[in-house]
Amino acid sequence: MTALPYLFRWDRHGRKDQPCRVTARSRAGTASFALPGFGRPKPARFNSVRVEFADGAAMITSGNAIRKAKP
């Protein structure tokens, strides 16, 4: 497995298409989404991730901003 398995897709801070790694993801909160008649409630989870680039720069961004790099 590569040390930088993701690509940053968005054009933020000039980082578009640069390889990165995820160092943290949001965790489940105390709130939940529950609709009557639709099974068990799921814990709320935000889509935030912390990514780190090869030069050591890090940022908090959306999980939608990263994609798996093709081998």
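Analyst: E52 counts as buried, because its relative accessibility is 18% (buried means under 20% relative accessible area, exposed over 50% and partly exposed in between, with a 1.4 Å probe and protein chains only). Please note that this is a predicted model, in which local features need pLDDT of at least 70 and side-chain atom pairs count only at pLDDT 80 or more, while totals for chains, interfaces and linings use all residues. Residues are numbered from 1 along each chain as its sequence is written, and side-chain values use heavy atoms, with hydrogens and water left out.

User: Which residues are linked with E52 in a network of salt bridges?

Analyst: The network links E52 with R21 and R50. A salt bridge here is a side-chain nitrogen of Lys or Arg within 4 Å of a carboxyl oxygen of Asp or Glu. The N to O distance is 3.4 Å for R21 and E52. R21 lies in strand β2 and E52 in strand β5, so this pair ties together parts that are 31 residues apart in sequence. For R50 and E52 the N to O distance is 3.4 Å. Strands are DSSP runs (E, at least two residues), numbered from the N terminus.

User: How many bridges join β2 to β5?

Analyst: Five bridges join these strands, which run antiparallel; two strands pair if DSSP finds at least two bridges between them. R21 has E52 as its bridge partner in β5. β2, residues 19–25, also pairs with β1 in the antiparallel sense, over two bridges. There, L7 has P19 as its bridge partner in β2.

User: Changing topic: which residues make up the largest nonpolar core?

Analyst: That core has nine residues: Y6, F8, C20, V49, V51, F53, M59, A65 and I66. A nonpolar core is a set of buried Ala, Val, Leu, Ile, Met, Phe, Trp, Tyr and Cys residues joined through side-chain atoms within 4.5 Å. β1 (6–8) and β5 (48–53) each supply at least two residues of the core, and β5 gives the largest share, three residues.

User: What does C20 touch?

Analyst: Leaving aside residues up to four places away in sequence, C20 touches L4, P5, Y6, L7, F8, V51, E52, F53 and I66. Contact means heavy atoms within 4.5 Å.

User: How many aromatic pairs are there?

Analyst: The structure holds one. The ring centres of F8 and F53 are 5.7 Å apart and the planes stand at 80 degrees, so the pair is edge-to-face. Rings of Phe, Tyr and Trp (its six-membered ring) pair if their centres lie within 6.5 Å; planes under 30 degrees apart count as stacked, over 60 as edge-to-face and the rest as tilted. F8 in β1 and F53 in β5 are 45 residues apart, and both are buried.

User: What sits over the ring of F53?

Analyst: The charged end of R15 does, 4.6 Å from the ring centre. The rule requires NZ of Lys or CZ of Arg within 6 Å of the ring centre and within 35 degrees of the ring normal.

User: With which residue does D55 form a salt bridge?

Analyst: D55 pairs with R15, and their closest N and O atoms are 3.1 Å apart. D55 lies in the loop between β5 and β6 (58–62) and R15 in the loop between β1 and β2, so the pair ties together parts that are 40 residues apart in sequence. D55 counts as exposed at 56% relative accessibility, whereas R15 counts as buried at 13%.

How values were computed:
Helices (H or I, at least four residues) and strands (E, at least two) are DSSP runs, numbered from the N terminus.
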